[in-house]
Amino acid sequence: MTRNQLAAIIDHTLLKPTATTRDIRRLCAEAMAEGFAAVCVNPAHVEYAAKILAGSTVAVCTVIGFPLGATTPSVKKKEAEEAINNGAREVDMVINIGALKEGNHDLVVADIRGVVEAVTALLPDGLVKVIIETGYLNHEEKITACRLVWQAGAHYVKTSTGFGPGGATVEDVGLLRENLPPEMGVKAAGGIRTTGQALALIRAGAARLGTSAGPALLAGLQAQ
């Protein structure tokens, strides 16, 4: 994999609650310099990031129902609408984890579908990535989550928020990839710190990587 190929699948991420506009400006500058796919920022920073990145190839991604996924479907839908109106082109939403675990699949699907409909109504080519927080799920729940995300019409399944237990693993990425149709992607996120780890996740089937260590991953690839 070349440096440019790796950069093109990285979502350069800054979701710390302490992030300032100066931090966001630096994040966007790094993303443009390196050729990352997107920056991923909290909703409060979407409009600012979109102004900085206007005219560039770097998309603005934000998070919905983050990090617990426990807000109501109507709130998630409204949050997604506002994010798109503020300049986001991709949203990473957290599922209702409790609903999945108790078998309330109708609620899980409706929750996701509301966000998908909100995004695509405003931006037909907008992407919805659905965070299932694999650290809370058993093997069967992960497979079920894939089916429900596909049923709801989203574009990616994402492993983790980075705020829950565990993060992206090769085993989980492989499992998700095996249980999704080819047109859907897998985004690995949570604890991706080394180039070797990133490449292993890509080999397992990840089409996007969410990480705050993007520049270091590229430097590691060059060193190899």
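Predicted model: local features only at pLDDT ≥ 70, side-chain atom pairs only at ≥ 80, totals over all residues.

**Stop 1: the cysteines**

Counting a disulfide as a pair of cysteine sulfur atoms within 2.5 Å, the total here is 0 disulfides. Select Cys 61, which is in no disulfide: its nearest cysteine sulfur belongs to Cys 40, 3.7 Å away. Cys 61 is buried, at 0% relative accessibility; buried means under 20% relative accessible area, exposed over 50%, and partly exposed in between, with a 1.4 Å probe and protein chains only.

Numbering starts from 1 along each chain as its sequence is written, and side-chain values use heavy atoms, leaving out hydrogens and water.

**Stop 2: the barrel**

Switch to a cartoon view and colour the strands. Helices (H or I, at least four residues) and strands (E, at least two) are DSSP runs, numbered from the N terminus, and two strands pair if DSSP finds at least two bridges between them. In the order S1-S2-S3-S4-S5-S6-S7-S8, 8 strands close into a barrel with parallel pairing. On average, neighbouring strands of this sheet are turned by 25° against each other, direction ignored; axes are lines fitted to C-alpha atoms, for helices over the stretch in contact, and angles run from 0 to 180 degrees between N-to-C directions.

Now select residues 10-14, strand S1. All 5 of its 5 residues are buried, so S1 is largely enclosed by the rest of the structure. Which residues point which way from S1? Ile 10, His 12 and Leu 14 go one way, and Asp 11 and Thr 13 the other.

On one pairing, S1 runs parallel to S8 (residues 208-211) over 3 bridges, with Leu 209 as the bridge partner of Ile 10. S1 also pairs with S2 (residues 38-41) in the parallel sense, over 4 bridges, and there Asp 11 is partnered by Ala 38.

Move on to S3 (residues 59-64), which is joined to S4 (residues 90-94) by 4 bridges, the two running parallel. Here Cys 61 from the first stop stands opposite Glu 90 in S4.

**Stop 3: the nonpolar cores**

A nonpolar core is a set of buried Ala, Val, Leu, Ile, Met, Phe, Trp, Tyr and Cys residues joined through side-chain atoms within 4.5 Å. The largest has 69 residues, of which Val 39, Ile 112, Val 128 and Leu 209 touch the most other members. Helix H6 (residues 105-122) gives the largest share of this core, 7 residues. A second, separate core of 6 residues includes Ala 38, Cys 40, Ala 59 and Val 63.

**Stop 4: helix H8**

Finally, select residues 170-178, helix H8, and find Asp 172 within it. Is Asp 172 buried or exposed? Asp 172 is buried, with a relative accessible area of 11%. Setting aside neighbours within four places in sequence, Asp 172 is in contact (heavy atoms within 4.5 Å) with Thr 134 and Lys 142. H8 itself lies across S6 (156-158) and S7 (185-189), at about 165° to S7.
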